[in-house]
Amino acid sequence: MPELPEVETICRELRKTIQGHTIIECEIFRPDYLRGGDSDQFIQSASGRRIESVDRRGKYIIWEIGVGRIVSHLGMTGKYIVQDESVKIPKHTVARFKFRDKSLLLNDVRRFGRLNLYLNGETISALESLGVEPFSENFDLKYISTIFKDRKRPVKELLLDQSIIAGIGNIYASEILYRAKIHPLSSGSHLSKAKLKRLIESTKNILELAVDNAGTTISDYRRVDEKTGNFQNLLKVYGKEGCSCEFCQNEIKKIVFGGRSAFFCSGCQKI
DNA sequence: CCAACGTCCTGCGTGC
DNA sequence: TGCACGCAGGACGTTG
């Protein structure tokens with residue numbers, strides 16, 4: 001499931017492969033992937049445009065194409081695949097961008113992702129509602145204590161809220177809380193200043209380490225050259241229920257709330 | 001404003 | 001062997 005480190009890895013690879021290149025033509029195989037957007041207009045507006053830059057905001061990938069921006073979100077299983085030649089198009093490919101010497105495929109088994117083109121001047125509401133970038137200096141104690149002060153919800157749910165911090169998903173939320181020694185069910189408004197400080201530092205540290213390791217491949221995530229990430233080898237709690245904590249040897253437990261699973265150490269992380 | 005919940009979607013693992 | 005079922009979960013719309 002592409003979260004910030006996976007999306008950042010993909011952006012870096014897209015910069016090397018398609019930034020500065022011109023979209024000769026594009027095809028949309030699944031118009032519903034545009035979520036109500038007009039696929040004919042997409043094709044019309046994107047064709048012939050040079051990709052000026054590739055950027056990330058939260059889990060969104062943004063291509064600047066002069067007349068506007070192409071914005072994609074990979075959802076759960078979305079991936080970009082660079083093809084050197086026009087070989088067979090794999091199942092679940094939703095779109096294809098053709099360049100002079102290669103094609104870029106957008107493939108998404110479960111189609112939770114999305115792809116849209118916004119012309120200059122159009123508001124991109126999905127981006128406007130995003131919270132702070134974890135690596136920015138605005139993500140500090142003042143910001144997080146102001147927001148968490150009135151939030152009684154479990155801290156793990158707050159970490160997953162993209163309008164507070166942009167980019168954290170279910171895997172890194174558990175890893176961040178483990179490193180910060182905070183129980184996932186702890187209420188946001190009840191966290192001490194010391195815990196909030198640890199939460200911020202752990203968020204930055206875990207995400208940076210994961211970017212350095214090209215993200216986490218559990219099942220679907222692949223880089224644009226179809227290689228896996230490496231951070232799955234460094235996970236401490238996610239998917240490790242029943243194992244013992246490498247710090248205190250207590251059992252790693254799995255609980256479900258807010259519709260998703262959380263993993264934590266029953267010894268290190270107390271409410 | 002905040003929170004809770006249903007919806008979308010396919011592949012895979014499990015149990016009978 | 002086949003089939004039903006539950007699970008994985010990011011964003012968003014609806015409801016309270």
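1. Helices here are DSSP runs of H or I with at least four residues, strands are runs of E with at least two, and both are numbered from the N terminus. Please keep in mind that this is a predicted model, in which local features need pLDDT of at least 70 and side-chain atom pairs count only at pLDDT 80 or more, while totals for chains, interfaces and linings use all residues. Residues are numbered from 1 along each chain as its sequence is written, and side-chain values use heavy atoms, without hydrogens and water.

2. How do the two helices lie? Their axes, α6 and α7, come within 8 Å and cross at roughly 125°; axes are lines fitted to C-alpha atoms over the stretch in contact, with angles from 0 to 180 degrees between N-to-C directions. α6 and α7 are therefore oblique to each other, the class left once angles under 35 degrees (roughly parallel), over 145 (roughly antiparallel) and 65 to 115 (roughly perpendicular) are set aside.

3. On the α6 side, the residues that meet α7 include Tyr172, Ile176 and Ala180. Their partners in α7 include Leu199, Thr203 and Ile206. Contact here means heavy atoms within 4.5 Å.

4. The largest nonpolar core has 37 residues, and Ile144, Phe148, Leu159, Ile165, Ile168, Tyr172 and Leu199 touch the most other members. Such a core is a set of buried Ala, Val, Leu, Ile, Met, Phe, Trp, Tyr and Cys residues joined through side-chain atoms within 4.5 Å. α4 (141-148), α5 (155-160), α6 (170-180), α7 (193-212) and β10 (260-265) each supply at least two residues of this core. A second, separate core of 30 residues includes Leu14, Ala46, Val54 and Tyr80.

5. Buried means under 20%, exposed over 50% and partly exposed in between, with a 1.4 Å probe and protein chains only. Beyond four places in sequence, Pro134 is in contact with residues including Leu4, Phe139 and Leu207.

6. Finally, two backbone angles. Most residues other than glycine have a negative phi. Lys181, in the loop between α6 and α7, has a positive phi near 55°; Lys181 is partly exposed, at 32% relative accessible area. Glu226, in the loop between α7 and β9 (252-257), has a positive phi near 75°.

Terms used:
Chains are lettered from A and ligands numbered from 1 in the order in which they are written.
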